[in-house]
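Notebook open, structure loaded. I want to look up a few spots and jot down what turns up.

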Amino acid sequence: MSNMFCYQCQEASRGTGCEIIGVCGKSPEVANLQDLLIYTLKGVSQVVMAGGLEASTLTKVNHEVINSLFMTITNANFDEDAIEAQIRKMIAYRDELKSSLNLDVKSDAMNFEVTNRASMLKKAALVGVLSTKDEDVRSLRELIIYGLKGMAAYAHHALNIGKENHEIYGFVYEALAATQDNSLGADDLVALTLKTGELGVQAMALLDNANTSMFGNPEVTEVNIGVRNRPAILISGHDLTDLKQLLEQTRGTGVDVYTHSEMLPAHYYPEFKKYDNFVGNYGNAWWKQVEEFESFNGPILFTTNCIVPPRNESLRNRIFTTGASGYPGCVHVEADADGVKDFSEIIELAKTLEAPTEIETGKIIGGFAHAQVVALADKVVDAVKSGAIRKFVVMAGCDGRMNQRNYYTEFAEKLPQDAVILTAGCAKYRYNKLPLGDIGGIPRVLDAGQCNDSYSLVVIAMKLKEIFGLDSLNDLPIAYNIAWYEQKAVIVLLALLYLGVKNIHLGPTLPAFLSPNVANVLVEKFGIATIGEVDEDIELFMAN
Ligand code: SF4
Ligand code: SF3
């Protein structure tokens, strides 16, 4: 028997699954505890469904279910103690809900007990991914669960801004319970997969509304990638409310704040422009952090994924986590009952450390979220009508370590001059510093923001469809060449499929969790493909 089994991300070992240790650095213990946490959530969901409970009455449980799902996203949380505590918390919620109901339906997930870590690991070994024997059912169940993880991340960020949608929580219970229902066959699960995409669109819209109502609409912005000579904190991950609190608390302290990886788009929001200690972006996509954190010199705050295990104690002592993220040995900053986080320990540490070492200079441009692009719509439409823009290529998604991802740099470099890249997510670091020029003042790389802002690209596509009077999104001159890594990309994919987008290319490899039959359904129904050779792919995209 293997030590663990996980195949939820693009870097699954040998393209099939991690069985000894995660390529991401996840230990078997963490992987197994995460499996048990998911199983516990299934039990909670079965109780909610069997009891006919409304999500609107389950405030605390709703919040902890999405927090739990987020904790299991790739590279979010490596802390076994934190995951064990979360399992205990969810079992307690499950039992509290059960005690108020008179249920005649009983399942193992609704009733199992654990006493200590050893009993948890024993139980985990029985309830992980491979406990579903039929590979197609397993594939669809996991596709839905990974979509839910991505959805939960969006819902979690929105919740931090005080925005919620009970329909989303209700669906999470329904779908998690359905993954335990042996009466559901492949067809039922395919339908549930598309429904996951439907609710994914709602979650993305909820977060978009939360972010823009709180921080304003992103606007075209040049972001400094150099440094200045003051001590500083680097903030990574995706949570903008954490950034807001950090900027408030560092104001006037002499400590600067730089963004890292997926925090870069924070610079596009009007709200954050008012902080004169908010200096710029340092470094690149998540997987380069091991070297870049060394030269940054100051403390690093992770608000969400993607953490790469720090290679030595001195770096670990500079890394702090908060929210759903965690790493053993790193200080975790908890919110108080009002959601306030005290970052003073990080700020005091920053004051004792050196200013960042410069690794590059210049500026990068972004802020092309939907409101900004719609404001430029006349210009964009004219460029399409005149033929100056022949094609848009959506290259949103994630970056990752694999050499195969050089494909995306080469693709961007070779793409004809009359094509524009629409991007979101850390995938952009493969080409956002290349001199790709502009078309009549429209940059050839339009960055809408984080992976969480992929919704903006959907809104832009819908708007163009309306302006051009087309019946289908597929009639637009837009091609989709999406890079994926973790589970937020899965919900973006399911959302696009739900919206009827066809012929999406997903790379650098198709997910290991798609069984051959499930992959075939995606190919036949939706025209999904993976990447090939750069020149041939460009020809294909530009022709269709
Ligand atoms: Fe492997 Fe990815 Fe799972 Fe990590 S998250 S254990 S790399 S499949
Ligand atoms: Fe990147 Fe982790 Fe997905 Fe948010 S930071 S896109 S991989």
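Where is Asn75 found, between which two helices? I looked: Asn75 is in the loop between α2 (59–71) and α3 (80–99); helices here are DSSP runs of H or I with at least four residues, strands are runs of E with at least two, and both are numbered from the N terminus.

**Ground rules.** I am working on a predicted model, where local features need pLDDT of at least 70 and side-chain atom pairs count only at pLDDT 80 or more, while totals for chains, interfaces and linings use all residues. Residues are numbered from 1 along each chain as its sequence is written, chains are lettered from A and ligands numbered from 1 in the order in which they are written, and side-chain values use heavy atoms, with hydrogens and water left out.

Asn75 has 4% relative accessibility, so I put it down as buried (buried is under 20% relative accessible area, exposed over 50%, partly exposed in between, with a 1.4 Å probe and protein chains only). Ser261 also has a positive phi, near 50 degrees. I found Ser261 in the loop between β3 (256–259) and β4 (278–281), and at 4% it counts as buried.

Next I checked for cis peptide bonds. Asn305 to Cys306 is cis, with omega near 15 degrees, and Cys306 sits in the loop between β5 (300–302) and α11 (313–316). Gly507 and Pro508 are joined by a cis bond too, omega about 5 degrees; Pro508 is in the loop between β15 (505–507) and α18 (516–526).

Cys426 is in the loop between β10 (419–423) and β11 (438–439), and at 6% relative accessibility it is buried. Setting aside residues up to four places away in sequence, Cys426 touches Ser261, Glu262, Ala285, Trp286, Gly397, Cys398 and Asp399 (contact is heavy atoms within 4.5 Å). So Ser261, the residue with the positive phi, turns up among the contacts of Cys426, where the contact cut-off is the one just given.

Glu486 is in the loop between β14 (478–483) and α17 (487–498) and is buried at 3%. Beyond four places in sequence, Glu486 is in contact with Ile73, Thr74, Asn305 and Cys398. I also saw the backbone nitrogen of Lys488 lying 2.8 Å from a polar atom of the Glu486 side chain.

**Ligand 2.** Which residues surround ligand 2? My list reads His238, Glu262, Trp286, Asn305, Cys306, Gly397, Cys398, Cys426, Cys451, Tyr485 and Glu486, each with a heavy atom within 4 Å. The shell divides into 6 nonpolar, 3 polar and 2 charged (Ala, Val, Leu, Ile, Met, Phe, Trp, Tyr, Cys and Pro count as nonpolar, Asp, Glu, Lys and Arg as charged, and the others, Gly among them, as polar).

**Domains.** The chain is divided into domain 1 (13–214), domain 2 (221–351) and domain 3 (371–543), with bounds from an automatic or database domain assignment. Domain 2 and domain 3 each give at least three residues to the shell around ligand 2.

Notes: Polar contact = N/O pair within 3.5 Å; in protein donor to acceptor, adjacent residues only side chain to side chain.
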